[in-house]
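Biologist: I would like to go through this model one question at a time. Please start with the terms.

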Amino acid sequence: MCLQSIAGVMIQAFMVGIVFAKMTRPKQRTQTLLFSRNAVICQRDGELCLMFRVGDMRKSHIIGASIRAQMIRNKITKEGEILFQHQHELVVGTDGENGDLFFIWPATIIHRINESSPFFNMSAEDMLTERFEIVLILEGTIESTGQTTQARSSYLPQEILWGHRFDPIVSYSKERQGYEVDYSLFNSTTQVDTPLCSGRELTEFYKAQDDLRHGTGTRSCDQYFLYKLYK
């Protein structure tokens, strides 16, 4: 009877553990992690930025969250070799510096289009003809179970909106004395004035303006870059 009781308790404990593990699978948790339907490109602090939005619909937070982005496309080396599905790591983050997230509300992830970006030489017209895919990976630890979860998404060139900006979805409620998140606006964007030129041409335009302001540039040079900016 003692052996039977001990064996019964052990079997019951194993069954409870198996049921609990099945109910708290990370795959189910990833269904509540959202990525915006589109990515957008607009100016922020004088730079062209590629932005997308991530959110978590559950009340239990993801701790230690981090996000990575990779651009996948074919690349031709200096020797003429074609590298199929070449992966280029994009520098992303809420401030454009790192991928660590303070993930307590929906966040807009930023990739600054500067000299180190593969989009630096792409204009709005080039974006329509290029063939690439941006793959996103969001990783973190589930607060309630301590298990690691991962969610993935991707964007194609036709899913990137040039000259758009995400609408704010976090607002303060005086009635509830707290902040509220309106997920119905999660994918909403607003069209804004954005230069159609590449990041390189925009940088050269600002440099020509600075030279003109300090008396080292010419008016014709400034007019040329202004034409290139909004052509």
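Modeller: A salt bridge is counted when a side-chain nitrogen of Lys or Arg lies within 4 Å of a carboxyl oxygen of Asp or Glu. The model is predicted: local features need pLDDT of at least 70 and side-chain atom pairs pLDDT 80 or more, while totals for chains, interfaces and linings use all residues. Residues are numbered from 1 along each chain as its sequence is written, and side-chain values use heavy atoms, with hydrogens and water left out.

Biologist: How many salt bridges does a search of the whole structure find?

Modeller: The search covers the whole structure. One of the pairs it can return is Arg-112 with Glu-47, at 3.4 Å from N to O. The total is four.

Biologist: How many residues apart in sequence are the parts that Arg-112 and Glu-47 tie together?

Modeller: Helices (H or I, at least four residues) and strands (E, at least two) are DSSP runs, numbered from the N terminus. Arg-112 lies in strand 6 (residues 107-112) and Glu-47 in strand 3 (residues 47-56). The pair therefore ties together parts whose separation in sequence is 65 residues.

Biologist: Is Arg-112 buried or exposed?

Modeller: Relative accessible area decides this: buried is under 20%, exposed is over 50%, and partly exposed is in between (1.4 Å probe, protein chains only). Glu-47, at 29%, is partly exposed. Arg-112 has a value of 17%, so the residue is buried.

Biologist: Which residue forms a salt bridge with Glu-89?

Modeller: The closest N and O atoms of this pair are 3.2 Å apart. Glu-89 lies in strand 5 (residues 82-90) and its partner in strand 4, so the pair ties together parts 21 residues apart in sequence. Glu-89 is partly exposed at 37%. The partner, partly exposed at 41%, is Arg-68.

Biologist: Where is Glu-130, which pairs with Arg-73?

Modeller: Glu-130 and Arg-73 form a salt bridge with closest N and O atoms 3.4 Å apart. Arg-73 is in strand 4, and the two residues are 57 apart in the chain. Glu-130 is in the loop between helix 3 (124-129) and strand 7 (133-142).

Biologist: How much space lies in the largest pocket?

Modeller: On a 1 Å grid over the protein atoms alone, a pocket is an open set of points where a 1.4 Å probe fits, with protein on both sides within 12 Å along at least five of seven lines; lining residues have an atom within 4 Å of a point. Points are joined across faces, edges and corners, and volume is the space filled by probe spheres set on them. The lining includes Arg-73, Gln-85 and Glu-130. The space in this pocket is about 300 Å³.

Biologist: Which strand gives the largest share of the lining of the largest pocket?

Modeller: Among the lining residues are Ile-72, Arg-73 and Asn-74. The largest share is three residues, and they come from strand 4 (residues 62-76).

Biologist: What is phi of Gln-85?

Modeller: Gln-85 is in strand 5 and is exposed, with a relative accessible area of 54%. Its phi is positive although the residue is not glycine. The value is near 55°.

Biologist: Where is Asp-45 found?

Modeller: Asp-45 also has a positive phi, near 55°, in a residue other than glycine. At 71% relative accessible area, Asp-45 is exposed. Asp-45 is found in the loop between strand 2 (39-44) and strand 3.
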